[in-house]
Amino acid sequence: MTAAATKPEESTSDEALEERGDLHINRSVLRKIAEHAADVDPGSARSGRKHAAGAEISGPDDALRVRLTVALRYPNPVRDTVASMRERVEAELSRIAGCTVRSVDVTVSGLVPPAAAPRVE
C-alpha cells in the first residue's frame, strides 16, 4: 500500500504568527554557541579543555554584544585570526539562534606555540 505525502498548509497570516508564541534562548546557550564558534576557528589554541575560549553575552537578542577571551596559535597573524573569529561567532549566533550581533570584542589572553614534535633517539 502506498500513501501520498501531503504537505502541511503553511499559514503566514498575522493571526497565525500571534498564535505561535515567543522563543527565548537562555544566555548560557548563547554563550556556549559563541565559545564553540571561537574554539573551532583554525587560529584557536584550544586543545581539549586547555585554552578554551570564554564568552560574555549582553544586550537584547536583536543587538547582542559578545566579549570573547581567547588564546591563539603562534605565529598566526593575530589581526586576521581575530577577524575570522568575529565573523564565525556572528554567523553562528545568527544561524543557530536567530540573533543579531552588534559587536564582538576579543581579548587575546595568550599566544600558544605549536606543540613540539616528539624526539626519537
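How many residues does α2 have, and what distance does it reach from its first C-alpha to its last? I took this up first, working from a predicted model.

Entry 1, helix α2. I counted 13 residues in α2 and found that the helix reaches 18 Å between its first and last C-alpha, close to the 18 Å expected at 1.5 Å a residue. At the start of α2, I noted that a side-chain oxygen of N26 comes to within 2.9 Å of the backbone nitrogen of S28.

I listed L30, I33, A34, E35, A37, A38 and D39 as buried. I then looked up their surroundings and found that the buried residues of this helix pack against β1, β2 and α3 (78–97).

I located E35 in α2, which covers residues 27–39. Its relative accessible area is 11%, and because buried means under 20%, I recorded E35 as buried. Leaving out residues up to four places away in sequence, I found E35 touching A53, G54 and A55.

I traced an open sheet of three strands in the order β1-β2-β3, with mixed pairing. I placed β1 (54–58) and β3 (101–112) at the edges; each has a single partner strand, so one side of each lacks a neighbour in the sheet. The twist averages 15 degrees from one strand to the next. I found β1 and β2 (residues 64–73) running antiparallel, joined by five bridges. In this pairing, I57 stands opposite V66 in β2.

Definitions and conventions. Residues are numbered from 1 along each chain as its sequence is written. This is a predicted model: local features need pLDDT of at least 70, side-chain atom pairs count only at pLDDT 80 or more; totals for chains, interfaces and linings use all residues. Side-chain values use heavy atoms; hydrogens and water are left out. Helices (H or I, at least four residues) and strands (E, at least two) are DSSP runs, numbered from the N terminus. Buried means under 20% relative accessible area, exposed over 50%, partly exposed in between (1.4 Å probe, protein chains only). Contact means heavy atoms within 4.5 Å. Two strands pair if DSSP finds at least two bridges between them. Axes are lines fitted to C-alpha atoms, for helices over the stretch in contact, and angles run from 0 to 180 degrees between N-to-C directions. The expected span of a helix is 1.5 Å times one less than its number of residues. A polar contact is a pair of N or O atoms within 3.5 Å; within protein, one must be able to donate a hydrogen and the other to accept it, and residues adjacent in sequence count only if both atoms are side-chain atoms.
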